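Student: I have a structure to go through. Can we take it in questions and answers?

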Amino acid sequence: METDLRLESSLWVGNKRHRAVLTGWYFNWTDVDKKKTISVPVAEVVGVEEGQVQVLPQKTVVEKDKDFTVFYVKRSSTGGSSGLLWRLGQTQFSCPSRVLRDQWIKQLRTAVKTHSPLRPSKLLVFINPYGGKKRGRQIYSSLVAPLFELAGISSNVIVTERANQARDHLLKKDLTDLDGVVCVGGDGMFSELLHGLIDRTQQEAGLCVNDPAVALQPCPLHIGIIPAGSTDCVCYTTVGVIDPVTSALHIVLGDSQPLDVCSVHHASVLVRYSVSLVGYGFYGDVLAESEKHRWMGPLRYDYSGTMVYLSNRSYQGVVEYLPADPLLSSPRDKTRCLSGCTLCSRSTERLFPNSSDSGSLYSANFSSFSNDSEGEWVRVEGSFRCVSLTCMSSSCPKSPLGLSPSAHLADGTGDLVLVWDTHPLGFLKFLHRHTSTQDQFDLPFVEVHRVKAIRFSLPSGKEEEAHEAVVGQKGGPDEEVYTDTGSWSGSQQRLSDRGPGQETRSHQKTVSPFLCGLCCSKSPSVSVWNCDGEILPFTEILCRVHCQLVHLYARGIEDGAAAQNSNEDDTRCERRCILHK
Ligand SMILES: CCCCCCCCCCCCC/C=C/[C@@H](O)[C@H](CO)NC(=O)CCCCCCCCCCCCCCC
Ligand SMILES: Nc1ncnc2c1ncn2[C@@H]1O[C@H](COP(=O)(O)OP(=O)(O)OP(=O)(O)O)[C@@H](O)[C@H]1O
Ligand SMILES: [Ca+2]
């Protein structure tokens, strides 16, 4: 194959003569006077066009019958974020003849097809016009659509008119011929796609999602995220930057990043899926508080975080967890899951032993939870500041290394962080360490465990308060949260039996800005669960991590030092997992 695609000739870039070479994997051109080479992996060529073409900010074409333009990915540093910004690079070449020009175009396009088999040709795009700073529509039309057009992707665009429209569409409408689904929005929009695709896939496979032991079927469609939300945690953790152009380029190239998903069950019924945070206590209360201040936009989390911190609460609970294999990895091993992570790749090999790439994974035989030698559950009980489970590092601009910096995107485990009750300054120290490289787990009141599943319950006598805490919340039992499966109406009924109009003590009323929260001793409170930014109307839950249930158009965070300016010399961008001591 390599030899078939090889082409070599002189080409002109401006008035400089270059020696251009297309080998199987690379397209290089060397300035013959300065001996300077630019090298582009064929898999990172976005498009090849006849003539002298510009795409951004507007498409312009100067027809010249001996010219062609190559568009490709160019990397630059971000000055802050973990990953690298991708930009559209372009070079216009002039050939000695039209015949040679046509040969270059044909060979380059064939090489691209050969070396990136997962490039999408048909996408369904959902834009949330109200996410984040409400710029979704503009971001798509000015930054993303031109790149999709250049790459020959046909996209059907739906601007949503209500919450859950995207999820409902994916559950019910015809999805044949689609390669992937894209959301322009934040974590909430991503979550809609996640729920729609997972449930559609399980329905078609005839699987019962309520059984936490069932081996769910991985989704055949890829998910793309164009970040336009408030936290954009899933995008940041899987790409390393919040940048619509970078994310659009990952989609165009057909990058594929498997992702673990946690199913959350209550009373033997599936409640939701999560990829980022299932959090009780502090993060639950911050979310509940922030819902009252949506008008503040992304700032609502800082405001609510401060209010909840000042209310100085702790929460009683019983946490049981099923530890993952400690010989494989640990949440304190100081590794980071980066692009090409070997631990995650080994999980892929274990899950899909007969498959050489993630494009042909979907009929693979998934190892089931119940078939695993499950191991022994561990039980702890006490008073916590927060209990958090995260399937990935959950990094975001506020916390560049995330809730659990050494967590992995696709290893089939999650990290359980237990923050025991402590004095207010201790908890502030814990929170503050999320904003730097200081280890937030190196504190005497913090524990972290790598797990396959967790259970949470309240100590006996606390159930009444739990009901009161969830009634009246957005997403509480009286409101639609997740009714499409129709499957959890039983438990909904059970909690609603007491009647919606009944007088309750909303735990939100006790979130107060008064500093006395910091000095007066308080009895422990009951919180709600924050599940990827949605409040769960149940307190007692069981969570189970499903290895690589979905695939994103992403490749994980690229190691800046290895990948930056990779066009400038002939080094390949290695995908690997490195120490970050
Ligand atoms: C002293 C500074 C401390 C800064 C502490 C920063 C910790 C940041 C940790 C971020 C974790 C993000 C996890 C991602 C969750 C997403 O799936 C979900 C959906 O988007 N987002 C949220 O639930 C939204 C959750 C947002 C949580 C924000 C918490 C902000 C806390 C601010 C505390 C200030 C204390 C000030 C005391 C004077
Ligand atoms: N047209 C719409 N009107 C109202 N709500 C919508 C609409 N489209 C989507 N939504 C809902 O808006 C919620 C929030 O959207 P999104 O996640 O895009 O932004 P965000 O909340 O600002 O960001 P983040 O989730 O990153 O914090 C989603 O849960 C989604 O269900
Ligand atoms: Ca994981």
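Predicted model: local features only at pLDDT ≥ 70, side-chain atom pairs only at ≥ 80, totals over all residues.

Student: Which strand gives the most to the side of domain 1 that touches domain 2?

Tutor: Start with the division of the protein chain: domain 1 is 7-116 and domain 2 is 119-255. Their contact takes 19 residues from domain 1 and 15 residues from domain 2. On the domain 1 side, β5 (45-50), β8 (67-76) and β9 (85-94) each supply at least two residues. The top contributor, with four residues, is β9.

Student: By class, how many residues on that side of domain 1 are nonpolar, polar and charged?

Tutor: This is the side of domain 1 that touches domain 2. The C-alpha centres of the two domains lie 29 Å apart. The split by class is 10 nonpolar, six polar and three charged residues.

Student: Which helix gives the most to the shell around ligand 2?

Tutor: The shell holds 21 residues, and Gly131, Gly185, Gly186, Gly188 and Gly229 are the closest. By class there are four nonpolar, 12 polar and five charged residues. Four residues come from one helix, spanning residues 187-205, and that is the top share: helix α4.

Student: Is Leu542 buried, partly exposed or exposed, and why?

Tutor: Leu542 sits in strand β23 (residues 541-552). Beyond four places in sequence, Leu542 touches Pro212, His265, Ala453 and Arg455. Buried would need 20 or more C-beta neighbours within 10 Å, and exposed 12 or fewer. Leu542 has 18 inside 10 Å, so the class is partly exposed.

Student: What is the C-alpha to C-alpha distance between Leu542 and Val264?

Tutor: In sequence, Leu542 and Val264 are 278 residues apart. In space, their C-alpha separation is 5.8 Å.

Key. Residues numbered from 1 in each chain as written. Chains lettered and ligands numbered in written order. Domains from an automatic or database assignment. Contact = placed C-beta atoms within 7 Å. Nonpolar A, V, L, I, M, F, W, Y, C, P; charged D, E, K, R; others polar. Near = placed C-beta within 6 Å.
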